[in-house]
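User: I'd like to learn how to read a model like this one, feature by feature. Can you walk me through it?

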Amino acid sequence: MSFGGELPRQQSTFIPGRGWPYFDTKVFRETRRIPPVFDEKSIISALEIAVMAVQAQLPPLGERRLSGAESTLYLRAVFARAHADLLPEFATQNRRDEARNAAEDLAEQGDRFRAQSNRDIALLLGRSENRVALI
């Protein structure tokens, strides 16, 4: 909140995908309901790190482009990973009672977000979500 009592306007930063789907920090904030307390630099860092982590698990695209459903899975995998990485910062950026109460289950919630990211990556790879395969 600003000194005038207004909520901060959400910024929108375009992050190019370099062959992969692009990201917009405003879409990330809206999709994952990220509180406005997070500054834009934290959001950009979390997204860029999540992109690296997800892409490290996927084969290079080369000339291929992701279909609509694949693009949605990829974006959701990155958003979930970035959201999980931002959770610990919530308690440090927002010192109100809500932040202290929310901090109690951050690890569990972060694990759920990372698990969702891993399930999406498994689907993109055509593998079982449980990493079980027939020999």
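User: Which pattern does the protein chain follow, read along the sequence?

Analyst: The protein chain runs β-β-α-α-α-α-α, with 5 helices and 2 strands. Helices here are DSSP runs of H or I with at least four residues, strands are E runs of at least two, and both are numbered from the N terminus. Keep in mind that this is a predicted model, where local features need pLDDT of at least 70, side-chain atom pairs count only at pLDDT 80 or more, and totals for chains, interfaces and linings use all residues. Residues are numbered from 1 along each chain as its sequence is written, and side-chain values use heavy atoms, with hydrogens and water left out.

User: What percentage of the residues of the protein chain count as buried?

Analyst: Buried means under 20% relative accessible area, exposed over 50%, and partly exposed in between, with a 1.4 Å probe and protein chains only. Of the 135 residues in the chain, 36% count as buried. As for contacts (heavy atoms within 4.5 Å), take those with a separation of 6 or more: 64% of them join residues 24 or more positions apart.

User: Which residues have the most contacts inside the largest nonpolar core?

Analyst: General idea first: a nonpolar core is a set of buried Ala, Val, Leu, Ile, Met, Phe, Trp, Tyr and Cys residues joined through side-chain atoms within 4.5 Å. The largest one here has 25 residues, and Phe-23, Phe-28, Leu-47, Tyr-74 and Val-78 have the most contacts inside it. Helices H2 (40–57), H3 (68–93) and H5 (106–125) each supply at least two residues of this core. For a closer look, pick Phe-23: beyond its neighbours within four places in sequence, its contacts include Phe-14, Leu-47, Val-51, Tyr-74 and Val-78.

User: How does the span of H2 agree with what 1.5 Å a residue predicts?

Analyst: The expected span is 1.5 Å times one less than the number of residues in the helix. H2 has 18 residues and should span 26 Å, and its end C-alpha atoms are 26 Å apart, so the two agree. The buried residues of H2 include Ile-43, Ile-44, Leu-47, Val-51 and Val-54.

User: At what angle do the axes of H1 and H2 cross?

Analyst: Two packed helices are described by the angle between their axes and the distance between the axes. The axes are lines fitted to C-alpha atoms, for helices over the stretch in contact, and angles run from 0 to 180 degrees between N-to-C directions. Under 35 degrees counts as roughly parallel, over 145 as roughly antiparallel, 65 to 115 as roughly perpendicular and the rest as oblique. H1 (residues 25–32) and H2 have axes that come within 10 Å and cross at roughly 85°, so they are roughly perpendicular to each other. Thr-25, Phe-28 and Arg-29 make the contact from H1, with Glu-40, Ile-43, Ile-44 and Leu-47 from H2. Zoom in on Ile-44 and Thr-25: they are 19 residues apart along the chain, yet their C-alpha atoms are separated by 6.9 Å. Leaving aside neighbours within four places, Ile-44 also touches Thr-13 and Ile-15.

User: How many salt bridges does a search of the whole structure find?

Analyst: Side chains of opposite charge can pair when their charged atoms come close. The cut-off puts a side-chain nitrogen of Lys or Arg within 4 Å of a carboxyl oxygen of Asp or Glu. The search finds 5. In one of them, Asp-120 pairs with Arg-76, with the closest N and O atoms 2.6 Å apart. Asp-120 sits in H5 and Arg-76 in H3, so this pair ties together parts 44 residues apart in sequence. Asp-120 is buried at 0% relative accessibility, while Arg-76 is partly exposed at 38%.

User: By about how many helical turns are Glu-108 and Arg-112 separated?

Analyst: An α-helix has 3.6 residues a turn, so residues three or four places apart point the same way. Glu-108 and Arg-112 are 4 residues apart in H5, which means about one helical turn. They form a salt bridge, with the closest N and O atoms 3.0 Å apart. Glu-108 is exposed at 53%, and Arg-112 is partly exposed at 44%.

User: Where does Arg-18 lie?

Analyst: Arg-18 is in the loop between S1 (14–15) and S2 (23–24). Its phi is near 50°, a positive value in a residue other than glycine. Arg-33, in the loop between H1 and H2, also has a positive phi of about 50°.
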